[in-house]
Amino acid sequence: MTSSAAGFRPTPRDRLIIALDVPTVAEAEALVDRIGDAGSFYKIGMELVYAGGLGLVRDLVAAGKQVFLDLKLHDIPNTVAKATERVAGLGATYLTVHAYPQTMKAAVTGRQGSPLQILAVTVLTSCDDADLAEAGYAFGVHDLVARRATQAAEASVDGLVMSAEEVAAMRKVVGSRLSLITPGIRPAGDAPGDQKRVMTPAQAIAAGADRLVVGRPVTQAVDPRAAAAAIVAEIASTDS
Ligand code: C5P
């Protein structure tokens, strides 16, 4: 493993974060049950939160799991800081915000005094250079990720969410203090879906990712437990 925040070294299982992108709390609970001890870290995103899934954060934490609350906050600083304070009371390990300097600084202020860690999303892994140009950006993906990574380190966030393709270069930009977390992961042979910048688990770990976010390859697998276990084994063998 290239590095991790504060020298902490998570187990291969804790390095797999399974995205519970399902429409109901009941489906999320059923998935967590099916995955069992093959999964220890779950991401709860907007789809589930807007379906009443915020209570699942406390339930998963009470069951000994870690939770990544992927709310991708971005608003005026006062609103971001207050929202982060409320999230800090839920027991999640990670909260995401978009990597805008004002937003990152507000979230860092809001989580003060709690163990909640703030992750900044640099550029969504569904975006390529053409998407950024269409949205009015003067930078391509690589340059925008680098710019935002530098600003994230200055804002004292705890980690960055980015494509595994950017990890090796960004490690040089931010050093070892920030955790690098990568979605857009596809085991060899899996369909990319809407992700445009994908890597296999082994490639992402070898590039220096601290943790991997994996959704559909686990949640839509015929056997989600086996799919999660296979990714954990791939992480373990790559990192050995
Ligand atoms: O199903 P899949 O593995 O593509 O899911 C990836 C997950 O990671 C989704 O929950 C998505 O919202 C999230 N994510 C992402 N790209 C980012 C940040 C988060 O795909 N930059």
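Mentor: Let us begin with burial: a residue counts as buried when its relative accessible area is under 20%. The model shown is predicted. Tyr94 has a relative accessible area of 1%, so Tyr94 is buried. Phe41 is likewise buried, because its relative accessibility is 0%.

Trainee: How is a pair of aromatic rings described?

Mentor: Two quantities are used, namely the distance of the centres and the angle of the planes. In this structure there are 2 aromatic pairs. For Phe41 and Tyr94, the ring centres are 5.6 Å apart and the planes meet at 15 degrees; since planes under 30 degrees apart count as stacked, this pair is stacked.

Trainee: Where in the chain do Phe41 and Tyr94 lie?

Mentor: Phe41 belongs to strand S2 (residues 41-45) and Tyr94 to strand S4 (residues 94-98), so the pair links distant parts of the chain, 53 residues apart.

Trainee: What geometry do Phe68 and Tyr94 show?

Mentor: Their arrangement is edge-to-face, with 5.8 Å from centre to centre and 80 degrees between the planes. Because Phe68 lies in strand S3 (residues 66-73) and Tyr94 in strand S4, this pair ties together parts 26 residues apart in sequence. Phe68 and Tyr94 are both buried. Together, Phe41, Phe68 and Tyr94 make up one aromatic cluster.

Trainee: Which residues lie over the face of Phe68 and of Tyr100?

Mentor: Lys43 lies over the face of Phe68, 5.9 Å from the ring centre. Over the face of Tyr100 lies Arg148, at 4.8 Å from the ring centre.

How values were computed. Residues numbered from 1 in each chain as written. Predicted model: local features only at pLDDT ≥ 70, side-chain atom pairs only at ≥ 80, totals over all residues. Heavy atoms only, no water. Phe/Tyr/Trp six-rings, centres within 6.5 Å; stacked < 30°, edge-to-face > 60°. Helix = DSSP H or I, 4+ residues; strand = E, 2+ residues; numbered from the N terminus. Buried < 20%, exposed > 50% of the residue type's maximum accessible area, 1.4 Å probe, protein only. Lys NZ or Arg CZ within 6 Å of the ring centre and 35° of its normal.
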